[in-house]
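Open the model in your viewer and keep the selection tool at hand. The stops below follow one after another.

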Amino acid sequence: TFRKSRRNQKMAKHTLTIIWVALLTFLFLAAFRSVAGGYIPFWYDPARDLLQALDNLKKLTLIGPPTGIPGIFYLPYWTWFLSLPLLFTRDPRWITLFTTTLPYYLLLPLVFYLLRNIFGKITSMALCLLFFLSYENLTVQLWSPNLQPLLLLGLIFLIVTKRNFLAGLTVGISIGFNMAFGIVVTVATVLFYFLGILKKSFQDFLFAMTGLGLTLIPYFVFELRHGFNQTKMYINSFSGHSGVILAGLTREEILNHIIIVHQQLLHLTAPILIILALFLIFRLLTQKIAVSAPEKRLIFFLICCFISLGYVFFVSRNPKWDYHFIGLEVLILVVLGLVAKYTRLGWLLILWTSVLFIAHAFIIINPPHYKLEQNNLVEKEKVVAKIYADTGVNPFIVYAYSPAIYTYDFDYLFAWLGKDKYRNVPVTQDKTNVVYLIFPPTKQAVIQDFINYKTPNEKYTTVNMWTLADGSIIVKREIEDK
């Protein structure tokens, strides 16, 4: 009977694991469909980063993309990471797959599995599924801030398991992916290890800070070569002497964004969230809670994170944009996992996650609903294909209009597709009389103004115009014969 009982327990564990892997595979295949089909956002930032990564293959860079503060750049780790798949392909689909989608669907479940001793095996699985159900968009977009949740969860595991040197490395790397929330995490980590000195954990502090320091080597090498200009900008910006106005969100707007993160994660309205929070607080106060040493370490780090978040977000002039909050959902997930354990309400989390999965599955089995979004990669490729279908092997010039002025998206697409697929890249002004102008859906007055600016009406004439299904407009202009 004892052997039969153990055999049944093993079968139950194996069955549970198989179900979890099957559910994750289902979600991954849905994400893969979006990525492989090109139904992924492709705009200014990812295209700029890809162009910088291409340059990095020619000459190693010590800085990453620019931040929102003039003269200050990210650390180079995102650029270096992007350069790896560029050795084999220029297609943003596969670059997204290898740098974002696969890391998420391979590493996030692994980390949650490794944290099962804290949350419980089934609860860990539910937390992992809940993240993918609520933030699938982060796994299919080629953008450095989207990897912040994965880095933060990895950091939490490293801190709980006392892998202090690796924790320091992870913190430093995270700054190079999402500076606003990366600063939150860095302040929290330094505070965590500094206060640990009071508990005679100086060795932990030393190892963590050594790891963090190593990640800053590219920054200091660059600064030595350039007169510490970035460092001066840091000092001036945060002391208010740079002339740069960092108008962040108001406290009310920050609170609203934090509530929105809770709503998006749990798919609940604000009133229900408040009632649920009060109920869980009551349950915590009425339960006898036994906290293990790793759990104490985790709770202490979470407290440091929320202290740091409160300081950076509410006291300083950050945040400003929505993406500055990416990473907060992981802190909420971890707190939710602990609360589910201590209140013995893990079954409620599992039940709600199951309901969300079933609802989400009906959406997933349908074709992607964002095929005609103007910023999608596949739609922009159609613009490029239309131009090449018209021009063939003949030389041409192309200008793309963007309210943001920069048009890195089409710069990258013409550089990639023009060279690898069509064997014809755009030329400069003095080599052809044919010009194509690309417009997103916009006002006619804006279109006419840009046309006349790039191809003056007294010199050029319009010979053709196309409007694509997503609303993009292509205008073909040639020098008028006189």
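Select Y104 and F131: are they buried or exposed? Both Y104 and F131 are buried. Bear in mind throughout that this is a predicted model.

**Stop 1: a stacked pair**

Stay with Y104 and F131 and show their rings. They form a stacked aromatic pair, with 5.7 Å from centre to centre and 25 degrees between the planes. Y104 belongs to helix α4 (residues 92–114) and F131 to helix α6 (residues 121–134), so the pair ties together parts that are 27 residues apart in sequence. Now widen the selection to F28, F32, W94, Y105, F132 and Y135, which form one aromatic cluster together with Y104 and F131. In total, the structure holds 33 aromatic pairs.

**Stop 2: an edge-to-face pair**

Next, select F396 and Y436. Their ring centres are 5.8 Å apart and their planes stand at 80 degrees, so this pair is edge-to-face; the cut-off for that class is over 60 degrees. F396 is in the loop between α18 (377–391) and β1 (397–400), while Y436 is in strand β2 (residues 434–439); the two are 40 residues apart, and the pair links distant parts of the chain. F396 and Y436 are both buried.

**Stop 3: charges over rings**

Select R116 and Y113. The charged end of R116 sits over the ring of Y113, at 4.0 Å from the ring centre. Then move to K454 and Y399, where K454 lies over the face of Y399, 4.7 Å from the centre of the ring.

**Stop 4: two helices side by side**

Two packed helices are described by the angle and the distance between their axes. Select helix α7 (residues 148–160) and helix α9 (residues 179–196): their axes come within 11 Å and cross at roughly 10 degrees. That angle makes α7 roughly parallel to α9. To see the contact, show Q148, L152, L155 and I159 on α7, and F181, G182, V185, T189, F192 and Y193 on α9. Of the residues in this contact, seven are nonpolar, three are polar and none is charged.

**Stop 5: two arginines with positive phi**

Most residues other than glycine have a negative phi. Select R344, in the loop between α16 (328–342) and α17 (346–364). R344 is not a glycine, yet its phi is positive, at about 55 degrees. R344 is exposed, with 51% relative accessible area.

Finish at R423, in the loop between α19 (408–420) and β2. R423 also has a positive phi of about 55 degrees without being a glycine. Its relative accessibility is 66%, and R423 counts as exposed.

Technical notes. Residues numbered from 1 in each chain as written. Predicted model: local features only at pLDDT ≥ 70, side-chain atom pairs only at ≥ 80, totals over all residues. Heavy atoms only, no water. Phe/Tyr/Trp six-rings, centres within 6.5 Å; stacked < 30°, edge-to-face > 60°. Helix = DSSP H or I, 4+ residues; strand = E, 2+ residues; numbered from the N terminus. Buried < 20%, exposed > 50% of the residue type's maximum accessible area, 1.4 Å probe, protein only. Lys NZ or Arg CZ within 6 Å of the ring centre and 35° of its normal. Axes fitted to C-alpha atoms, helices over the stretch in contact; angles between N-to-C directions. Parallel < 35°, antiparallel > 145°, perpendicular 65-115°, else oblique. Contact = heavy atoms within 4.5 Å. Nonpolar A, V, L, I, M, F, W, Y, C, P; charged D, E, K, R; others polar.
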